[in-house]
Amino acid sequence: MQRRDFIKQAGLGLAAATATPLIAQAQSQPATPQPQPSPPASVTGSPTIKWRLASSFPKSLDTIYGAAEVLTKRIAELTDGKFEIRVFAGGEIVPAFGVLDAAQQNTVECCHTCGYYYHGKNKAFSIDTAIPFGLNARQMNGWYYYGDGLTLSREFFAKYSLINFPGGNTGTQMGGWFRKEVKTLDDLKGLKMRIPGFGAEVFSALGAVPQALPGGEIYPALERGAIDAAEWVGPYDDEKLGFYKVAKFYYYPGWWEPGPQISFYVNKEQWEKLPKTYQAAFEVAAMEANLRMLAAYDAKNPPAMQRLVQNGTQLKRYPDDVMKAAYEAAEKIYAEESAKNPDFKKLYDSLRTFQQLSDIWLSLPEEAMANFMQAQMRVKK
């Protein structure tokens, strides 16, 4: 007999010999009722709390608006329905661009919006969403969750009585819809374009005339010629809003939004009143919403792009002179803002330090693999 088999059989025999008297003893004694575990304190002892969340987005944009619904549904499930957050679309209780102020002033307990909508309040807000030639979606998550992004941004948002949570990302966006083709840098002179944040500043430096409009107002402005161009998100949402019907040239890449993050902003006083279990539920649900939004856009954008092209959309890459001029203008703007705004400088310096190494890393496996696979797919066709 092999040693291993001997040990195995001996062990089984010992276990059986030991168990037999114990079983007999148990059968000879009357059954004693066993105490049932008490329900967790988080279920029985926690208060019922109802919040309101103001979104900057219309319900029709199911993916970007839907992230708030992902958050609230999961929180309700994690707290047995005791922590309830009701979502209001942009304009229902406060204007689309007023939701951050509403959360700061405790008109609502929280909101779902983009930091760069509040560029005029402090340009450091824009870093929470995206800056031209900044981080892509994966890099934003890396910087926020494992770099200094979340720590530094929370220091900044605390000055406005808010605490921030990443709450979605669209991935690198498209570069906007144009009624006329952009062939050179000169074609941007005097062009009226809907675009927020630092992207607006860069376009202004290139001679364009930026406009700030909520998503629901872009189509009519394009249709009646009040603006000549507009950027929003990407194929899936842009198709829903019908931009291809009033502007046929669709440019890429959206160099001003390489990885735009949408965020949940919570009134800090209200946050600190929450039971710890509710805070944990919120954090987990926000992270899920962040993940799901990007995954949804990655799945929905490719077929939407195919439909747009089939409907006559003309895809155009930004000319090299536009890209180069935009990059140089952005770098100058950042240097000027860093010199006068310590909030911006602290966040920007950290972001660029992270990006410097991250770009080198991603250019090795990611870019090489993507280029190879695209070539192979074209050969198969």
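Predicted model: local features only at pLDDT ≥ 70, side-chain atom pairs only at ≥ 80, totals over all residues.
User: What makes the contact between helix 12 and helix 13?

Analyst: From helix 12 the contact is made by Glu-331, Tyr-334, Glu-337, Ser-338 and Lys-340, and from helix 13 by Pro-342, Phe-344, Lys-345, Tyr-348 and Arg-352. Among the residues of helix 12, Tyr-334, Glu-337 and Ser-338 are buried, and the buried residues of this helix pack against helix 7 (197-205) as well as helix 13 (342-363).

User: How do you know that the reach of helix 12 is close to the one expected?

Analyst: Helix 12, residues 320-340, has 21 residues, for which 30 Å is expected at 1.5 Å a residue, and it reaches 31 Å from its first C-alpha to its last.

User: Why is strand 4 described as largely enclosed by the rest of the structure?

Analyst: Buried means under 20% relative accessible area, and eight of the eight residues of strand 4 (residues 162-169) are buried, so the strand is largely enclosed.

User: What makes strand 4 and strand 10 a pair?

Analyst: Pairing requires at least two bridges, and six bridges join strand 4 to strand 10 (residues 261-267), the two running antiparallel. Within this pairing, Pro-166 stands opposite Ser-263 in strand 10.

Key:
Residues numbered from 1 in each chain as written. Heavy atoms only, no water. Helix = DSSP H or I, 4+ residues; strand = E, 2+ residues; numbered from the N terminus. Expected span 1.5 Å × (residues − 1). Buried < 20%, exposed > 50% of the residue type's maximum accessible area, 1.4 Å probe, protein only. Contact = heavy atoms within 4.5 Å.
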